[in-house]
Amino acid sequence: KKLSIAGYDERQRLDHVRRFAKQHKEDPTQYESMLEDGNVAELCLNPLNLTLLCILLKNGSLKAKTRTGIYKAIHSFIKRKASERKELNMNVDEIEESLMHPLYELAFNAYRENRVIIHAHEFDALSCNVDQVLQVGYLIKDITQRDFEEDVTYSFTHKTFLEFLAMSHLVRDASNRMKWIKGINFMSHDIECRRSEERRGRERV
């Protein structure tokens, strides 16, 4: 038997957008109409994608027609909202340069090592103000008590955001991109060689 994970059915999609509209005290009509848009119909099957589409529609910027397009649009929206926070006192370009670039790198390191958290000392290594990064909205601060000491880590609000930010680092850093691709190719080649050796061993037996 094969395990398959189905997305939202029609009723679930409708309930989802109506809940969103109710939460924001809005008429659900425009959100219901979005579900009938053939350009985004498949994207609406995923609960997270559907929520992001609703956010974009609410803010008048529903132009994305692909999953990547959604995340790029949401990313721009998040940075724009962060630039409006008095606590940060940064414009969008400053947020991108001072906060997002380090976060891209940290996300990539976590993704490469199959982690979903970032440790506090990693921000220190990049001379990045973690409190300011938290203001952007991608991370959640987690505190655990260990041997009378607090262990502070930071997790992403959703693993998909971790993946998007990690890929953003690769887009920015061509040298790291090539190293990563070569590493994947080497790993795939090594695995295939091992499989070939195992097959030859079974044939000899």
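Predicted model: local features only at pLDDT ≥ 70, side-chain atom pairs only at ≥ 80, totals over all residues.
Colleague: How do you know that the length of H1 agrees with what a helix should span?

Modeller: H1 has 14 residues, and at 1.5 Å a residue these should span 20 Å. The C-alpha atoms at its ends are 20 Å apart, so the two values agree. Just after H1, Lys25 has a positive phi of about 55°.

Colleague: Why do you say that the buried residues of H1 line one face of the helix?

Modeller: The buried residues are Arg13, Leu14, His16, Val17, Phe20 and Ala21. Viewed down the axis of H1, they fall within an arc of 160°, so they line one face. That buried set packs against H2 and H3. The face turned away from the buried side carries exposed residues, namely Arg19, Lys22 and Gln23.

Colleague: Why is Thr153 called buried?

Modeller: Its relative accessibility is 10%. Buried means under 20%, so Thr153 counts as buried. This residue lies in strand S3. Leaving out residues up to four places away in sequence, Thr153 touches Ile117, Ile118, His119, Ile140, Lys141 and Asp142.

Colleague: Which residues touch the most other members of the largest nonpolar core?

Modeller: That core has 52 residues, and Leu103, Phe123 and Leu165 touch the most other members. The elements giving two or more residues to the core include helices H1, H5 and H8 and strand S3. H5 gives the most, with 9 residues.

Colleague: What does Leu165 contact, apart from its neighbours within four places in sequence?

Modeller: Leu165 is in contact with His75, Met100, Leu103, Tyr104, Ala107, Tyr138 and Phe156.

Colleague: How many helices and strands are there, and what share of the residues is buried?

Modeller: The protein has 9 helices and 3 strands. Of its 205 residues, 34% count as buried. The accessible surface comes to about 13600 Å², and 49% of this belongs to carbon and sulfur atoms. Among contacts between residues at least 6 apart in sequence, 48% join residues at least 24 apart.

How values were computed
Residues numbered from 1 in each chain as written. Heavy atoms only, no water. Core = buried A, V, L, I, M, F, W, Y, C linked by side-chain atoms within 4.5 Å. Buried < 20%, exposed > 50% of the residue type's maximum accessible area, 1.4 Å probe, protein only. Helix = DSSP H or I, 4+ residues; strand = E, 2+ residues; numbered from the N terminus. Contact = heavy atoms within 4.5 Å. Expected span 1.5 Å × (residues − 1). Arc of directions from axis to C-beta. Areas by Shrake-Rupley, 256 points an atom, 1.4 Å probe, with all protein chains shown as cover.
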